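The following note sets out, point by point, what can be read from the model under review. Please consult the sequence and coordinates alongside it.

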Amino acid sequence: LQQGAFFGESALSEKEEERQRLANVVAVGKVRVGALKADDFKQVVGSLTESMNRALNRKAIDSVEMLKGSLTPVEMDELQRALQDVTYEAGTTVITQGEVGTKFCIIRSGGVDVFVDDVKVNSLGLGAVFGERALLTAEPTVASVITNAPTTLMTLDKNAFERVLPPLQDLIARGIAEREEQAARAARPKILFKDLKTIAVLGEGTFGRVRLVQWKHRGSKQPF
């Protein structure tokens, strides 16, 4: 964090699950900070809950990687106004695999686990987003999302998503394509040299031979 940044606001929340400290803050060098107690905060700023919600929402939005530098300040304000907070208990299914997606979600607090065919494949925390793929493609969701702690999500339904985020839809689509390509590469089997069968020697030079080989895997006929 740099000059002008703030922290510790979650400890002022009236929601117990949001008062839990999620990180340590350690000074790097000589630092001067200003501190404000909860009672003083309420007297100066007004409704603590409303102010905290605005601060927590903006902090979560600012932590979303794909939003950084992609929206103007006006668009960021519009996005913040359109987001609706929804709180879930731990173990709640937010998205069910196979159903058509209805909402875009940003994690404000807590966390979720992602399951594909009942197998856990990922965990997401503060600032992570999910649900955008189904809203863009109108296809059934490819995974289930279940909270792993008391969790507050900031959500947009399809209409609000299309109204507020048109500048990001191409960016999100590219991100989805990149993630799918990465998943496809990860799923490809590793081919070891010992698993290759030499079909022919194509050439020979100072530094060795060039061979045409075939993977010995049963049913594979692709040469390399």
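**Notes on the predicted model**

1. L1 is placed in the segment before helix 1 (16-19); helices (H or I, at least four residues) and strands (E, at least two) are DSSP runs, numbered from the N terminus. With a relative accessible area of 75%, L1 is exposed; the classes are buried under 20% relative accessible area, exposed over 50% and partly exposed in between (1.4 Å probe, protein chains only). Together with F7, V25, V31 and V33, L1 forms a nonpolar patch on the surface, of about 540 Å² accessible area in total. Patches consist of residues with over 30% relative accessible area and no salt bridge, nonpolar side chains (Val, Leu, Ile, Met, Phe, Trp, Tyr) being joined within 5 Å and like charges within 9 Å.

2. As to conventions, this is a predicted model, in which local features need pLDDT of at least 70 and side-chain atom pairs count only at pLDDT 80 or more, whereas totals for chains, interfaces and linings use all residues. Residues are numbered from 1 along each chain as its sequence is written, and side-chain values use heavy atoms, with hydrogens and water left out.

3. Overall, the secondary structure comprises seven helices and ten strands. Of the 224 residues in the protein, 29% are buried. The protein exposes about 15,100 Å², of which carbon and sulfur atoms supply 52%; accessible areas come from the Shrake-Rupley method with a 1.4 Å probe, and for residues only the protein chains shown count as cover. Among contacts (heavy atoms within 4.5 Å) with a separation of 6 or more, 64% are between residues 24 or more positions apart.

4. Helix 4 (residues 73-82) has M76, L79, Q80 and A82 as its buried residues. These residues lie on the same side of helix 4, because they cover an arc of only 165° around the axis; the arc is that of the directions from the helix axis to the C-beta atoms. P73, V74 and R81 are exposed on the other side of helix 4.

5. The largest nonpolar core has 17 residues, and I61, L79, L83, I106 and L156 touch the most other members. At least two residues of this core come from each of helix 3 (48-62), helix 4, strand 3, strand 8 (151-157) and helix 6 (158-164). A second, separate core of ten residues includes V94, I107, A128 and V145. A nonpolar core is a set of buried Ala, Val, Leu, Ile, Met, Phe, Trp, Tyr and Cys residues joined through side-chain atoms within 4.5 Å.

6. Two salt bridges are found in the whole structure, each being a side-chain nitrogen of Lys or Arg within 4 Å of a carboxyl oxygen of Asp or Glu. In one, the closest N and O atoms of R108 and D85 are 2.9 Å apart. This pair links distant parts of the chain, with R108 in strand 3 (residues 103-109) and D85 in strand 1 (residues 84-88), 23 residues apart. R108 is buried at 4% relative accessibility, while D85 is partly exposed at 31%.

7. K120 and D113 form a salt bridge with closest N and O atoms 3.5 Å apart. K120 is partly exposed at 46% relative accessibility, and D113 is buried at 13%.

8. V114, in strand 4 (residues 112-116), is buried at 13% relative accessibility. Beyond residues up to four places away in sequence, V114 touches V119, K120, V121, N122, L124, A143 and S144. The C-alpha atoms of V114 and I146 are separated by 6.5 Å, although these residues are 32 apart along the chain.
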